[in-house]
Amino acid sequence: MSSGVAVNEKCLEVFQELKLRHKYKFIIFKLSDDNREIIVENAAETGEYSTFVSQLPEDEPRYAIYDFEYEKPGEGLRSKIVFYAWTPDTAKVRAKMLYASSKDALRRTLVGIAIEVQGTDFSEVDEEAVLEKAQRSN
Amino acid sequence: MVTYGGDEVNALVLDVGSTWTRAGYAGEDTPKAIFPSSYGVIETESTEPNSQNGHDQPEAADPDTEMTDARTPNGDAAAKAEDAATSGPKKVRKYYIGDGEVNTWRQNMEIRNPLKDGLVEDWEGFEEIWKSAFHQRLRIDPTEHPLLCTEPAWNPSEKREKLVELAFETFNFPAFYLAKDAVMSAFSVGRATALVLDSGGSTTSAIPVYDGLVLKRGILRQPIGGNVVSAQIMEELKRSLDYSVTPQYLIGEKEATDPGQPPKFKAKDRPNTTDSFHQLQQERAIHEFKETVCQVAETPYDEDVLAARPQKPFEFPDGFNNTFGIERFRATELLFQPRSYLTKPGTEGAYGATFTQQQIDASLGIHQLIFNSICGCDIDLRPLLFNNVVVTGGNTLFPGFVERLNYELPGLAPGSKIKIHAAGTSTDRRCSSWLGGSILASLGTFHQLWISKAEYEESGASIVESKCF
């Protein structure tokens, strides 16, 4: 079940750059204004986690990718690609619905995602919560 | 209010629930028409349909029908003529659909409901509901609009195919889509993955949805919903106050009485009233009682604590009034503890909704239903589902319902992060699956998913299995 919304080629391109060359730190995707396809809103080459979170709009849904790095005790630095479906409770029903029904299309295009996070408020996407998930998923 | 985006497809969305039918245009945020799914029918043996029409006209002028939607007599006559043609020369059925129509007293009018357990049982009545929705309420030409219809997650394939046939053969819609109501509810709160708890009039169900697909293994449902709560309230009133509800249609004049005193009213003469009509009217009065007075205990049910809560007054249509304290909580407790609070089989004066001992033993509290449903799913999905419990359906609107769930669920699943999502307004929660359908069908990109008439003609009704899942 999906809405039939397409994924712009640019999305995959930018994602590959992030995955293979670590050119970007995080990417934020959104639906185009005519609601026909998913496009890249912002791709940042560097950025702390807090910068990333601050770029998520408070009352509009988004999709996002963050190249998450963390220290595994005794085993050194690891990195995981995290996918976010950001749908704050305050967003409009229509927007929430659109993002929920179109998520699958984007999610399937981007291969190599280790962790998926469904976020409805900032506590669900904060660093601690994601770190916990990362550690559990080896 | 119209919020079109993308192509203007002018699609229609229809959601037939066990109590209410919602119909409207895709892209709008509320259905244009909401009317009861129950309908009235009068069967006559007459061979001359027109003689009956004359008889009915004065009835329609009854003051009780003020809220009736304007129905043209022409439309009625046409519908009847059609019926006469299809149901043979002997029996003539006249249908009464809509809030005003169903609740207007008529001699020998039987009330029926086309759905049982959320599934269509009575296709003839179901077709009348469609007719009424499209011809009398929305007043559209079905050949000009695609139709999106919702269905319960447990709809078997024969019924799905029959729905497709109804849409293409009987109504000639150019395109059609069937969407699962649980998925629509999940989408409407922005989730592609969620556990949807839907507690409506006849059924309560817990349905796990993952990435927009229903996980069939985890579906749990039971026939305990608002109607059972109503029946239970009637019993309770009879038992503790020796009062049985007299619905509005029987009441001529009434006098004010003191709280707790037997009502004083003059009954209207209503000969040949059917039992089903009387029952529907009683349920209506109780429905108001539920909306005004009833509540769910926010913490585990404790008579002593709850008895200390403030009482609420309520007056029934016949003038009987009283203040209600613990009764407000006791009636709804069966949602959470059905085993202890459902009427045992063989109890005297039980109103319709009786369960066998076996059914009672198999029943589950709502929190247990959610828990068991989640446990029926893959272990990796469980945390996700616990974190996305979506509640919908009119029954969940009792004050205290969400708070109680929030209290009970963590007790069953310690350590899991639990989050319950409930739409804020009552319209949103009663129409969540319609709303979901409305948004989905209004997307310009959705057109590639419709089943078109040409596809139907090429592959037959079984195409629904490959296009809608």
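**Ground rules**

I count residues from 1 along each chain as its sequence is written, with chains lettered from A and ligands numbered from 1 in the order in which they are written. The model is predicted, so I keep in mind that local features need pLDDT of at least 70, that side-chain atom pairs count only at pLDDT 80 or more, and that totals for chains, interfaces and linings use all residues, while side-chain values use heavy atoms, with hydrogens and water left out.

**Entry 1: chain B overall**

I looked up the make-up of chain B and found 19 helices and 21 strands. Both are DSSP runs numbered from the N terminus: helices are H or I with at least four residues, strands are E with at least two. Of its 469 residues, 54% count as buried. Buried means under 20% relative accessible area, exposed means over 50%, and partly exposed is in between (1.4 Å probe, protein chains only).

Next I looked up contacts, meaning heavy atoms within 4.5 Å. In chain B, among contacts between residues at least 6 apart in sequence, 72% join residues at least 24 apart. The chain exposes about 19,800 Å², and carbon and sulfur atoms supply 49% of that. Those areas come from the Shrake-Rupley method with a 1.4 Å probe; for residues, only the protein chains shown count as cover.

**Entry 2: the cores**

Which residues have the most contacts inside the largest nonpolar core? I got F29(A), I65(A), L14(B), W130(B), F134(B) and F176(B), in a core of 93 residues. A nonpolar core is a set of buried Ala, Val, Leu, Ile, Met, Phe, Trp, Tyr and Cys residues joined through side-chain atoms within 4.5 Å. Helix α4 of chain B, residues 123-137, gives the most to this core, with 6 residues. I also noted a second, separate core of 48 residues, which includes A285(B), C294(B), A331(B) and L342(B).

I then clicked on F176(B). Leaving aside neighbours within four places in sequence, its contacts include W130(B), L147(B), C149(B) and W450(B).

Is β9(B) enclosed or open? All 5 of the 5 residues of β9(B), 147-151, are buried, so this strand is largely enclosed by the rest of the structure. L147(B), C149(B) and E151(B) point one way, and L148(B) and T150(B) point the other way.

I checked the pairing too; two strands pair if DSSP finds at least two bridges between them. Strand β1 of chain B (12-16) runs parallel to β9(B), with 3 bridges, and L14(B) has C149(B) as its bridge partner. Strand β10 of chain B (175-180) is also parallel to β9(B), with 5 bridges, and there L148(B) is partnered by Y177(B). The chain goes from β9(B) through α5(B) to β10(B) in a right-handed β-α-β crossover. Right-handed means that, with the strands pointing away from the viewer, the path from the first strand over the helix to the second runs clockwise.

Helix α5(B) covers residues 157-170, so I checked its length: 14 residues reach 19 Å from first C-alpha to last, close to the 20 Å expected at 1.5 Å a residue. The expected span is 1.5 Å times one less than the number of residues. Just after this helix, N172(B) takes a positive phi of about 60°.

Helix α17(B), residues 432-442, has 11 of its 11 residues buried, so it is largely enclosed by the rest of the structure.

I found T332(B) in the loop between α10 and α11 of chain B. T332(B) is buried at a relative accessible area of 0%, and touches C294(B), Q295(B), V296(B) and F398(B), not counting residues up to four places away in sequence.

R404(B) lies in helix α15 of chain B and counts as buried at 1% relative accessibility. R404(B) and E298(B) are 106 residues apart in sequence and 4.4 Å apart in space, C-alpha to C-alpha.

**Entry 3: over to chain A**

Y99(A) lies in helix α3 of chain A and is buried, with a relative accessible area of 7%. Among the residues Y99(A) touches are K30(A), L31(A) and Y63(A).

Last, I looked at strand β3(A). β2(A) pairs with β3(A) in the antiparallel sense over 6 bridges, and L31(A) stands opposite I38(A). The two strands form a hairpin with 5 residues between them, and N35(A) in the turn has a positive phi of about 60°. On the other hand, β1(A) pairs with β3(A) in the parallel sense over 2 bridges.
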